[in-house]
Amino acid sequence: MSEERPESRGDPDSVRRLDDATVASVAAGEVITRPADVVVELLENALDAGASRIDVAVDGDGTARIRVRDDGGGMSRRDAELAVERHTTSKLASGESLSAVETLGFRGEALASIATVAELEVVTNDGGPRGTRVVASGGPGPDRVEPAGRGRGTTVTVRELFAETPARRESLAASQTEFARISDAVSRYALVRPDVAITLGHDGSEVFSTPGTGEFADALLGVYDRQVASRATAFDAVRRVGSGPEGEGAGLTLDGALVQPSISRARRDHVYVAVDGRPVRNAQLQRAVVDGYGDLLADGRAPIAVVSLSLPTSWADHNVHPRKRRVRLRSSDEVADAVAGAVRDALSTADQRRAADLSMALDDTLEPLSDTESAFEDVRVLGQFRDLYLLCAFEDELLVVDQHAAHERVNYERLRAAVSGETPTAPVEPPESVSLTPGQYAAVESHRDELSKLGYDLDCFGETTVRVRSVPAPMGRAAAPESVRDAVDALRHGETPEDGRDALLKDLACHPSLKAGDELSDAEATALVDRLGSCENPYACPHGRPTVLTIGEDALVRGFGRRGTRMD
């Protein structure tokens, strides 16, 4: 006989069904984990509603109040009432495949999730004689529905976010950090949708606004500044990639704006990529944009660029992440190659092609010098090539030293040693104003102490501008005031304060380092090689690129057809 199983109905560890309120709360947690998530969901709803203007207003870190107002299609009373119920949407017909949905999200799912963790008010009008107000709180479904005065469009106000889930609220970062995340999110949509006028306000003050002209340069002017916008080049391209179901390639359409490489950043955070109108985090596509710039960028730098891709429905899966921030692409390598090629073509010059030919030739003969070999006390400098490479003799080998990478390594190790105490600084006279993105500006207060220790003395000036009074001056060479942008980015995105500091030091080391075209005397070249040899790690720059390559004598022997001795 089989053993009788115990009754599990009263066992606290047994499997049981959750009540509807708990189910709704868990589902909301998959989508709404911080205030920026609320803003993104409401922004996408407004865009899907065909809005030409969207105004976002935030109080504090967003938990007190978020309001998103648009002039889109609006909703009827019936639709507004249903929109706060779970599993309701105007964007997916019964039986329709999720992969065929071309909108950014599902209005009903977003509003129901928000209502579960906040007080939600929706005031909307689809163009009728009067609008509708729907209030919901503590769970999906309306608490109150009543007439309201409003023109065509929708206003959603979210108050007391996470008030009933204190653990969620306590897990949030500092107020400035949470608002920085909101600023970054709104900026991304403003840049990839230049056809929509988007405004962000914070505590009653306007942070930025874009005019909605459809021009990427105008959107860049709103989010960044006049210098960035004036050096942006709009581009569009069409590429064929992969094979479709019938054996034919798919059409990939790209458009956006590429800022000239003379303006760059230390991180790829300023490379904005959108797929089918939705900003996504995709390292492969960001890297493809950077690769498209090629040798036009200084080592370790990244551009400011906006690239928007449109693919056939079957080529992009936006449902691989609960909040749809990531996308899975079919034939992703081919798509990335197409993106890099389109960017390269838009920036193409004859000089760039010659540089590419040169690097291909060098790849055949040069190898990184092994770190098992000795330092450089016996290295003899022979000369300088193209004001960029130092040619040196070392035993039976010819060394090629990249003077920028070498100087960057020297600067980095000296700066790293210097910041264990007081960082040398240089005054900026007169103080220089530097424009930041809204997200960077919001993070300045959070990292003011770290910035001060690293040599930046600055004041907030206006809504997104800082006035820089002093800068780090490693080895007596002052960093550019604009380097504060990289400093803020590094501190914002370091996994720990130490990681952020180290990333900052690497970027600071790059600013005062020798550049291509800097001519060195024999004495200066010898001193640089000597200093490189005394470094803890002389074989790579702080970003991991080799500082020294070697051509062994055997390679020369083979190249000249000798039999292996100097006398042959």
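In helix 15, the residues Ser483, Val484, Arg485, Asp486, Ala487, Val488, Asp489, Ala490 and Leu491 are buried. Buried means under 20% relative accessible area; exposed means over 50%, and partly exposed lies in between, with a 1.4 Å probe and protein chains only. Helices (H or I, at least four residues) and strands (E, at least two) are DSSP runs, numbered from the N terminus. Nine of the eleven residues of helix 15 are buried, so this helix is largely enclosed by the rest of the structure.

This is a predicted model: local features need pLDDT of at least 70, side-chain atom pairs count only at pLDDT 80 or more, and totals for chains, interfaces and linings use all residues. Residues are numbered from 1 along each chain as its sequence is written, and side-chain values use heavy atoms, leaving out hydrogens and water.

Now look at one residue of this helix. Arg485 is found in helix 15. Arg485 is buried, because its relative accessible area is 6%. What does Arg485 touch, not counting residues up to four places away in sequence? The list is Asp225, Arg265, Val434, Ser435, Leu436 and Gln440. Contact means heavy atoms within 4.5 Å.

Helix 15 (residues 483-493) lies across strand 22, strand 23 and strand 24. The helix runs at about 80° to strand 22. Axes are lines fitted to C-alpha atoms, for helices over the stretch in contact, and angles run from 0 to 180 degrees between N-to-C directions. These three strands form an open sheet in the order 22-24-23, with antiparallel pairing. Strand 22 (425-435) and strand 23 (457-461) are the edge strands, each pairing on one side only. The twist averages 15° from one strand to the next. Two strands pair if DSSP finds at least two bridges between them. Strand 22 and strand 24 (residues 465-472) have seven bridges, in the antiparallel sense. Ser433 stands opposite Arg467 in strand 24. The charged end of Arg467 sits over the ring of Phe461, 4.0 Å from its centre. For this, CZ of Arg or NZ of Lys must be within 6 Å of the ring centre and within 35 degrees of the ring normal.

Another open sheet has five strands, in the order 9-10-15-12-13, and its pairing is mixed. Its edge strands are strand 9 (232-241) and strand 13 (278-279). Strand 9 pairs with strand 10 (residues 250-259) in the antiparallel sense over ten bridges. Ala237 stands opposite Leu254 in strand 10. Helix 7 (residues 216-223) packs on this sheet, touching strand 9, strand 10 and strand 15 (305-310). The direction of helix 7 makes about 50° with that of strand 10.

What about the nonpolar cores? In soluble globular proteins, nonpolar side chains tend to be buried together. A nonpolar core is a set of buried Ala, Val, Leu, Ile, Met, Phe, Trp, Tyr and Cys residues joined through side-chain atoms within 4.5 Å. The largest one has 63 residues. Ile54, Leu120, Val158, Leu200 and Leu220 have the most contacts inside it. Helix 6 (residues 175-192) gives the largest share of this core, nine residues. Apart from it lies another core, of 32 residues, among them Ala237, Val275, Ala302 and Val339.

Finally, step back to the whole protein. Its secondary structure comes to 18 helices and 25 strands. Of its 568 residues, 47% count as buried. Among contacts between residues at least 6 apart in sequence, 67% join residues at least 24 apart.
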